[in-house]
Amino acid sequence: MRLFATETSPYARKVRMALLEKNIPCEVEWVNLRAQEHAALSHNPLGKIPVLLRNDGSAVYDSAVIIQYLEMLRPDPAIIPQDAEARIEALRIEALASGIMDTTIAWVLEQRHATDCQDLNMLQRAKSKVCTALAMLQEESKVWKDLANAPILNLAQIATICAVGYVDLRAPDFLVQFPDLMAWMHSMRLRPSISATLPQ
Ligand SMILES: N[C@@H](CCC(=O)N[C@@H](CS)C(=O)NCC(=O)O)C(=O)O
């Protein structure tokens, strides 16, 4: 299998972490999303990464679907809880984390406009949504406690690490008001699936 990814994409990181946690071998091909033509385009007409190319040549996207596919491919160790309530809860947190990624990316793109062309109202609303969602993740992380040496991380934890890691990369000021969340992130920084996938 081959994964098309970039080193900074939080969605691709979620898949890369899941591959490492589940110990599934997969080649990673870095894509230049700024190029007119890039490898992922021939497998996903939307040109978005991550795309997972299966051995039979068929493509799976987006990140949430790839995760479901990996879980189907290798159910053990599971990253999505089996119990119905716990499963919905993990998927809800994954959706919340994806929303943080989407909204932070929209904020970053708006910030790149010349100052007098920026939509300040949009910037303020995006920041407020991201911070409200981060506050919820901070509460979750208090229940999870220290997972540095846990046998496996679940999808909610993986998605949280990717979302917070991306905010830390692009909008670190947003995180100043969440010291407990940052301490939780710091406590796990040496876990291989985390240190090997740090956005850079
Ligand atoms: N919902 C998608 C989002 C993927 C996405 O937006 N990826 C970005 C990179 S972080 C991308 O490929 N952007 C290029 C583009 O939109 O053309 C997922 O979860 O995989």
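Read along the sequence, the protein chain runs β-α-β-β-β-α-α-α-α-α-α, a pattern made of seven helices and four strands. Helices (H or I, at least four residues) and strands (E, at least two) are DSSP runs, numbered from the N terminus. The model is a predicted one, in which local features need pLDDT of at least 70 and side-chain atom pairs count only at pLDDT 80 or more, while totals for chains, interfaces and linings use all residues. Residues are numbered from 1 along each chain as its sequence is written, and side-chain values use heavy atoms, with hydrogens and water left out.

The C-alpha trace of the protein chain spans about 50 × 45 × 30 Å along its principal axes. Of the 200 residues, 45% are buried, where buried means under 20% relative accessible area, exposed over 50%, and partly exposed in between (1.4 Å probe, protein chains only). Among contacts (heavy atoms within 4.5 Å) with a separation of 6 or more, 69% join residues 24 or more positions apart.

The domain assignment gives domain 1 (2-73) and domain 2 (84-193); such bounds come from an automatic or database domain assignment. The C-alpha centres of the two domains lie 21 Å apart, and 13 residues of domain 1 are in contact with 23 residues of domain 2. For comparison, UniProt lists residues 1-78 as "domain: GST N-terminal" in an unreviewed entry; its positions are given in the numbering used here, feature names are shortened, and annotations may be inferred rather than shown by experiment. That span is 31% helix and 17% strand, and its end C-alpha atoms lie 19 Å apart.

Not counting residues up to four places away in sequence, glutamine 138 touches Phe178, Pro179, Asp180 and Leu181.

Some backbone details are worth a look on the model. Most residues other than glycine have a negative phi, and most peptide bonds are trans. Asparagine 23, in the loop between α1 and β2 (27-30), has a positive phi of about 60° although it is not a glycine. The peptide bond from tyrosine 61 to aspartate 62 is cis, with omega near 0°, and aspartate 62 lies in the loop between β4 (59-60) and α2. The bond from aspartate 76 to proline 77 is cis too, with omega near 5°; aspartate 76 lies in the loop between α2 and α3. Aspartate 76 is exposed, with a relative accessible area of 64%, and asparagine 23 is exposed at 60%. The C-alpha atoms of these two residues, 53 residues apart along the chain, are separated by 9.8 Å.
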